[in-house]
Amino acid sequence: MTQIATSLVGIMVLLLGSGLWIGLGLVATGAAMLALFRPQMPFVKLLAQQSWNVLSSTELLALPLFILMAEVLFRTNISASLFTGLTPWLRRVPGRLTHINVLGCTLFASVCGSSAATTVTVGRITAGELLKRGYDRDLVIGSLAGAGTLGFLIPPSTIMIIYGVMAEESILRLFMAGILPGALLAIAYMGYIGIRAKLSPDKIGEAPPPTSLIEKLRALTDLGPLLLLILFVIGSMYGGIASPTEAAAAGVIGAMVIGFAQRKLDLKGLLAAARQAAENSAMIGLIMVGAMFLSTAMGYLGLPRYIAGAINGWGLSPLALIAVLLVFYILLGMVMEGLAIIVMTLPITLPLVEAAGYDKIWFGVFIVIVVEMAQISPPVGFNLTVLQRLTGDSIGKITRATMPFFLIMAGFVFLIALFPQIVSIVPDLMRH
């Protein structure tokens, strides 16, 4: 079995390190492993069966629709509306306008589902404006990087859809499970910003001009379209009116209405959004097919049982197991993209976590948070690359600025491990 594990790692590193697409690399790895150790297995037939099982899943229909909704919103005036709508309300809050990064990302994540899209959409307005107003560069960049990852945790989340399909768990319950942890994580970020502002007032730039209550309420009208879309998408799912797929379809229509009403979206922009959504959906589909095929191949080779048995032999407590998995995923996140991490490791780690007493819903939130950490882990962290394009700073400088928010996420993992009710309370309420 050690030879099988060594061969698997060697072949995968060779193929993925060659620059081959991740999905094709996973398919090739699975085929090579079966050819070496189970030559009698008809892997072409197995690949065809796995491809059909994955891509014909009805739960997966929501994924391209939510991706399309995010692409349409990216081409609207939402980012500017977030800045102007929130600015008057933050004048007296410790940290002032730095909180726009967190609040803006939280709101946009509620209709997006993508970490990178959240970071880009909010950051393309806030980063330049905050730096121009004298706010500390590290705090601006770090808060944007940390809060941008909320696109994976707050529903609708593309990662949760993929996890739900692979783990055979309710996507709607996963969505609901992400609401409270996402909100608490955003509050934790804002708390850290407030503390930094109190300890180092010089890091906070100029305050916006005083505004009356009428002006503040008028500013909220800029947020009206986005808030209505959030209520429409999330509210319809929570209220049992629509399934995730139906809510996603309605969300696409709502995003198009916003874009056309703001005169920021035309037919050419809509076609560009559709083309980009199709490309992203195809990429994710290929990765899922490759990962499921590799997982099936590993199952035939007995590798998941072997690894699970070895780890169970360590006699770890549930909290110690979570600590080991956290370190494991952080290390993987330094060299691999988050989606690939989930689809490759889930067949091994999910049984371990269930044996330790945690359910699939809880592990879904856990793995989303560690993927968020992967988004800001050098050298592969995609959010770091996004911020490098936005600010022009080096990856090293952005990583240092992001580290406090990375540590907040790590601490939050242990919080939900100690108090799993944080994850389960909203899905349980949904049942009643």
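The model is predicted. Thr76 occupies the loop between α4 (62-74) and α5 (78-86). The aromatic pairs number nine, and ring pairs join Tyr163, Phe328, Tyr329, Tyr358, Trp362, Phe363 and Phe366 into a cluster.

**Thr76 and its contacts**

- Thr76 has a relative accessible area of 6% and is therefore buried, the cut-off being under 20%.
- A polar atom of the Thr76 side chain lies 2.7 Å from the backbone oxygen of Leu73.
- The side chain of Thr76 also reaches the backbone nitrogen of Ile78, at 3.4 Å.
- Leaving aside residues up to four places away in sequence, Thr76 touches Arg124, Ala255, Gly259, Gln262 and Lys264.

**Aromatic pairs**

- Phe328 and Tyr329 form an edge-to-face pair, with 5.3 Å from centre to centre and 65° between the planes.
- Within this pair, Phe328 is partly exposed at 35% relative accessible area, whereas Tyr329 is buried at 1%.
- Trp362 and Phe366 are stacked, because their planes meet at 15° with the ring centres 5.5 Å apart; planes under 30 degrees apart count as stacked.
- Trp362 and Phe366 are four residues apart in helix α18 (residues 360-375), so about one helical turn separates them.
- Trp362 is buried at 2% relative accessible area, and Phe366 is buried at 0%.

**Charges over rings**

- Arg124, one of the residues that Thr76 touches, lies over the face of Phe74 at 4.5 Å from the ring centre.
- The charged end of Lys216 sits over the ring of Trp89, 5.7 Å from its centre.

Methods: Residues are numbered from 1 along each chain as its sequence is written. This is a predicted model: local features need pLDDT of at least 70, side-chain atom pairs count only at pLDDT 80 or more; totals for chains, interfaces and linings use all residues. Side-chain values use heavy atoms; hydrogens and water are left out. Helices (H or I, at least four residues) and strands (E, at least two) are DSSP runs, numbered from the N terminus. Buried means under 20% relative accessible area, exposed over 50%, partly exposed in between (1.4 Å probe, protein chains only). A polar contact is a pair of N or O atoms within 3.5 Å; within protein, one must be able to donate a hydrogen and the other to accept it, and residues adjacent in sequence count only if both atoms are side-chain atoms. Contact means heavy atoms within 4.5 Å. Rings of Phe, Tyr and Trp (its six-membered ring) pair if their centres lie within 6.5 Å; planes under 30 degrees apart count as stacked, over 60 as edge-to-face and the rest as tilted. A charge sits over a ring if NZ of Lys or CZ of Arg is within 6 Å of the ring centre and within 35 degrees of the ring normal.
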